[in-house]
Amino acid sequence: MSLFRKPYRQTALKSRRCLWNRRYSASSASQYASMHLKNYLYSTGMFVLVVLSLSSGLGYRFYNQPQLDVGKIAPQTLIAPRKADVEDVKTTEERRREARSGALAVWVVDQQVNEQIHQNLQQLLAKGAQIRESLGNFPFVKTSVLSTSTQTYLRQAPEPQWQTLLRTLEKNSNLTGLNSAQQLAVKELRTYRESNSFQALSQLLKAIASSRQRYNITLNTLSENESASPQTLYDVTFLNLSDADWQKTQEKVRQTLERMLAQGIYPGLSPNNLNSAIEMQVSVSVPKTAQPLARRLLSAVIEANLIKDIEQTKLIAEKAAQAVPPTIVSIQKEEAIVKAGEKITQADFVLLDYFQLSQRGIDWLRLTRFTAIVGLAVAVFRLVERRFNAKLRRSDYILILLLILSAPLLTLLTKSFTGLPAIGLLIGSFYGTAIGGTVMGLLTILLSLGTELSWHDLIPSAAGGILGGLMAGQWRFPGREGLRTREELATLGILIGLTQGVVYLLVNTAIAPLWYTVLGRAAFNSLAGLLWSILALGLSPYLEAVFDLATPIRLAELSNPNRPLLKRLAHEAPGTFQHTLFVATLAEAAARALNCHVELVRAGILYHDIGKMHDPLGFIENQMGGLNKHDAINDPWKSAEIIKKHVSEGLVMARHYKLPSAIRAFIPEHQGTILIAYFYQEAKQQQKHNPEQVLQESDFRYDGPIPQSKETGIAMLADACEAALRSLKDATPEAALAMVNKILKARWQDNQLIDSGLTRQEMSQIAHIFVQVWQQFHHQRIAYPKT
């Protein structure tokens, strides 16, 4: 069933036109124009006042600027009035900073790395020993029988060459057609045969054949390993090493490794430089035939084994800085500091400033430029405020201004602290992500321009402040309720502290070669960020009370049913309390669907009827089926006064319990100026019997105001529909929707929602949501069998 049918639309439009005509008649046009002009002048004056306040607070560096600064031309010759020796603090600090940065790092050997390197080498050598064990001894016979070169050839000679050699030896053929190695082998075998028996020769040939077999098996194994892993260390040259060379190679490789590790391997050493060092060490100690193997072994295991000794390096860097003498600029009495037309140097400026000849004063040009930038920043803030419909009050502007001005004050007093994490956390939690993020971003820019704060202190603090402004205000995003407890805000404070420390480390590492010297200050910045967050957490309840703020956290605390006022309501007016809970459920569902301030709706409705505690029995929900008090009164005018009084009494209670104005607004606005229809009709009936009695409709209407926001408008509609929905038992959803639409239509036609911002489409959506909630409360249950 549609809420906005054609007859209804026409009625609503006519009603609105009449209202417009009444409000803006020709007689009141001039008053409206005058009021508009006053508002414009007031807004312009406030804008100028804010810009001047921010410029004067944030731009204090421009109040004491030297007219004769470094790099400027001296307008006249300036003479020293007396002899002086003045320290150039700036130059001294720069030289000491350079000394710290240029200090050499202290490196120490990491014994754990050394042990791992030795273990790796031992594993490689053990693998080599295992290969040689399968190879057998070499030389496999005494070198007096066969030379080492001959044994090497005989062991690795191809099978055809070995067979040719045997035939030549057996037939005593000439050596024509044999290569030099074959000829030498045949000669040595013939010599052995001439001096030994045939049986000894046979044993020798068997030993050669056995060695050849072992060699070929091992060679095949190595080939398979090389195919699987091309980076294998052991190859044919390794097989041809004698046992003595292998033993010596192992010993020398260990000694070379020990020597190189003792000298230290620096991180970042290029592979070419490392290989050159290894080659140099190996060439003087390892047998020539084993040098390639030794180089491969050492290259495979050697890695950087030096680590920086942070404490010793910091100590040396600080000693180097302290060893730099202060830069002293000396001058004699009546000596010219700088001559007319000369460019002022740093040394000249030090003397001019010392003798108060630098003509310090307000730099009006730079201050004017800065003021223009501040005006632009304020304009950007206003655009963001309007874009996100922040609806800030005058007290909100004052609080934001005070928090902003606290930053340059802290900077002036401490030279390094800004308090930006606390400011960002407070503004973000008070006014949302859009306002918090915008203020912190603009404030960071203005602080960098208007103060003398160094970047390596400003950037980390700004990072913490911007993070706090963005994350503390997540509740402003549609569909998100964000941070609702102070515990969550404290957790965010820890994150802000960590962020500030990490950003400080990153910023200062980029400009300091010895990055580890800033670790201590990075930890200090993390602690500072956490402490600022703790300060913000402690200040927020007082600022909320003083500036009448309804933050999500405060609203969540006020919505606790154990709050004193809500406990009183539940005890003194239990029917009203149950009515309040159901209205809150209806309104909260509608507010969430319309992306309104859910926390405000929930808290506002919990307190909207607290005024009924002044006379609980004057309201039917608290009579519990007993006698109706108004029957005994039998005076509709007095009964209407009792009913209307729950608004005024509610406002008194709300002020007494210091409820925020945003919650107090729900008390009168949920009733608006609606007619107390029941008693009005009774009054009309009585007037028929007593025509002399004056009947004015205003006596039976609430004093208002009508709802001024979507939140209070939703509260009015939920309050109007609650009793009707409770009365439905077996009605269908269609019937319930028709009834809700009728009630909402009556409020719309009565012009109760014209200032709320609710649209026709939203009204229809609200009706469906109310019916859905009613269905959830009145769902059917299975009937249990009787016992």
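**Rings, charges and cysteines**

The structure holds 11 aromatic pairs. This is a predicted model, where local features need pLDDT of at least 70, side-chain atom pairs count only at pLDDT 80 or more, and totals for chains, interfaces and linings use all residues. Residues are numbered from 1 along each chain as its sequence is written, and side-chain values use heavy atoms, with hydrogens and water left out.

Student: Why is the pair of F62 and F370 called tilted?
Tutor: Rings of Phe, Tyr and Trp (its six-membered ring) pair if their centres lie within 6.5 Å; planes under 30 degrees apart are stacked, over 60 edge-to-face, and the rest tilted. F62 and F370 have centres 5.5 Å apart and planes at 50°, so the pair is tilted.

Student: What parts does that pair tie together?
Tutor: F62 is in the loop between α2 (26-58) and β1 (65-66), while F370 is in helix α15 (residues 364-387), so the parts tied together are 308 residues apart in sequence.

Student: What puts R155 over the face of F138?
Tutor: The rule wants NZ of Lys or CZ of Arg within 6 Å of the ring centre and within 35 degrees of the ring normal. R155 lies over the face of F138, at 3.9 Å from the ring centre. R132 lies over the face of F238 too, at 5.6 Å.

Student: How do you know that C596 is in no disulfide?
Tutor: A disulfide needs two cysteine sulfur atoms within 2.5 Å, and the nearest cysteine sulfur to that of C596, in C721, is 16 Å away.

Student: Why is C721 called buried?
Tutor: Buried means under 20% relative accessible area, exposed over 50%, partly exposed in between (1.4 Å probe, protein chains only). C721 has 1%, so C721 is buried.

Key:
Helices (H or I, at least four residues) and strands (E, at least two) are DSSP runs, numbered from the N terminus.
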